[in-house]
Amino acid sequence: MSVTSALNAGVAGLSVNSTKLATISDNIANSSTNGYKRVDTEFVSLVSGGASTRYAAGGVRVETFRNVTAEGALVSTGNATDLTVNGEGLIPVTTAAGLNTAGSPPLRLTSTGSFNTDSNGFLRTEGGLFLLGWPANTDGSVTVPSRDSAAGLEPVQLNQAIFASEATTEINLGLNLPATETLAGASDTTLTFPVEYIDSIGLAQTLTFEFDPDVPATGRSDAWTVNVYDSADPTVPAVPVASFDVDFDATAASGGSIDAITNDGGAYDAATGVLTVPVQGGAIAVDIGVPGNSSLTQLAGDFAPVSVTRNGTPIGTVDRYEVSEGGFIEAVYDTGFRQTVYQIPIGDVANPNALRAEDGSAFSLTQDSGSIYFWDAASGPVGGLLGFTLEQSTTDITAELTDLIQTQRAYSSNARIIQTIDEVLQETTNLIR
């Protein structure tokens with residue numbers, strides 16, 4: 001009968017409005033929770049009966065969903081590892097169980113997190129979420145094992161690169177040799193120039209370049225013999241690690257620049273102007289210039305450096321960590337050296353709003369959300385990764401309080417329906433009496 005169906009509809013109304021009150025309460029309670037995504041509630045009508053001419057109330061049911069794609073306001077912080085995705089995508093994290101899991105750790109996703117190192121150096125939030133990333137190789141490059149799963153992602157641990165150095169691999173040797181030393185009757189004095197370099201274990205060593213002029217009996221030779229000695233070479237007495245003869249051009253067009261390098265044992269590349277010098281633990285590319293345009297010159301001036309530079313930094317300790325927009329975590333050392341230690345990718349799914357909400361403003365994959373794909377931050381459809389930044393809750397207190405008033409009135413109205421039907425049924429009972 002219609003009275004009974006109306007009673008059922010009123011009860012359904014109380015139930016769905018109770019659900020909406022619960023979601024509003026959750027939204028308001030988390031209005032200050034960073035990364036919280038508000039829950040939306042939608043009512044869907046139910047139709048009862050078929051072709052019958054008698055009407056029966058069907059009622060209403062409720063559907064809730066979390067608006068994961070909504071973006072909260074960004075606030076600046078003083079912590080470099082407070083991370084937020086500036087746009088679409090989510091940061092991969094794991095629970096404490098992921099620290100001891102072989103293979104792929106349990107995957108969670110979040111849009112923001114205040115990560116700090118714990119006693120073991122792991123980056124984690126106060127809620128127990130551990131940041132995941134791809135570890136960098138010793139040269140700072142990152143090998144990506146998989147982009148469609150969490151395989152290869154590891155909890156980020158920042159106590160493994162306390163000391164680091166950068167070995168010297170390149171030297172630019174810009175020197176002027178005095179042309180007067182190759183004139184007949186010159187003093188035939190060997191000129192010495194030391195260049196400090198950093199070896200493979202971070203120690204400061206010295207490459208010593210000795211320039212011996214070829215003094216002719218008459219005229220001038222414009223020729224020198226160069227020997228290179230390495231302070232790290234254990235040979236006693238020391239022998240040169242590289243030797244070569246250099247002839248300088250005396251023409252009007254290219255006067256003073258290198259004309260030719262000979263007796264170098266194949267160490268000099270005339271196309272690039274680089275002389276490869278073997279040292280303990282590797283080799284150094286010494287740029288002296290190409291014939292006709294060289295940084296090593298012979299002019300009628302003093303023996304002096306013009307532009308001598310090298311790469312490499314000595315051993316240093318970590319001063320701080322920084323996160324780039326591209327998702328690279330760099331260790332910055334007190335020597336100024338920077339080394340990439342992890343890359344944090346950004347995860348993307350086809351239907352983010354179908355992700356399952358987990359503790360700590362995190363989410364997990366579901367069948368409806370679709371599979372995960374990890375992009376480099378600030379590439380493809382995903383946003384960049386911002387340090388010193390947190391995302392605030394997407395809850396709008398004003399809108400929630402307005403919904404609260406409307407829901408309260410709707411709940412009272414449904415309660416009034418039940419009260420009215422109770423009175424109608426009471427009247428019906430009285431008729432029988």
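Let me begin with a definition: a residue is called buried under 20% relative accessible area, exposed over 50%, and partly exposed in between, with a 1.4 Å probe and protein chains only. By that criterion, 40% of the 433 residues in the protein chain are buried.

The structure is a predicted model, in which local features need pLDDT of at least 70 and side-chain atom pairs count only at pLDDT 80 or more, while totals for chains, interfaces and linings use all residues. Residues are numbered from 1 along each chain as its sequence is written, and side-chain values use heavy atoms, with hydrogens and water left out.

I turn to the overall form. Along the principal axes, the C-alpha atoms of the protein chain fill a box of roughly 145 × 45 × 35 Å. The chain has a radius of gyration of 37 Å, whereas a compact globule of 433 residues would have one near 22 Å; the radius is taken over C-alpha atoms, and the globule rule is 2.2 Å times the number of residues to the power 0.38. The secondary structure comprises two helices and 34 strands, these being DSSP runs numbered from the N terminus (H or I, at least four residues, for helices; E, at least two, for strands).

Helix α1 covers residues 2-29. Among the buried residues of α1 are Ala9, Gly13, Val16, Lys20 and Ile24. An α-helix has 3.6 residues a turn, so residues three or four places apart point the same way. The charged end of Lys20 sits over the ring of Phe43, 5.7 Å from its centre; the criterion is NZ of Lys or CZ of Arg within 6 Å of the ring centre and within 35 degrees of the ring normal.

Next, the sheets. Strands pair if DSSP finds at least two bridges between them. Strand β4 (residues 82-86) is joined to β7 by three bridges, and Asp82 has Ser114 as its bridge partner in β7.

A second open sheet, of five strands, runs β14-β15-β16-β17-β18, again with antiparallel pairing. Here β14 (191-198) and β18 (258-262) stand at the edges with a single partner strand each, so one side of each is left without a neighbour in the sheet. Between β15 and strand β16 (residues 223-230) there are seven bridges; Phe211 has Val226 as its bridge partner in β16.

What aromatic pairs does the structure hold? There are five, where rings of Phe, Tyr and Trp (its six-membered ring) pair with centres within 6.5 Å, and planes under 30 degrees apart count as stacked, over 60 as edge-to-face and the rest as tilted. The ring centres of Phe122 and Phe130 are 6.3 Å apart and the planes lie at 80°, so this pair is edge-to-face. Both residues are buried. Phe211 and Phe303 are also edge-to-face, at 6.1 Å centre to centre and 65° between the planes. Phe211 lies in strand β15 (residues 204-213) and Phe303 in the loop between β24 (297-299) and β25 (304-310), so the pair ties together parts 92 residues apart in sequence. Phe211 is buried, at 0% relative accessible area, whereas Phe303, at 25%, is partly exposed. Together with Phe193, these two form one aromatic cluster.

Terms used
Expected span 1.5 Å × (residues − 1).
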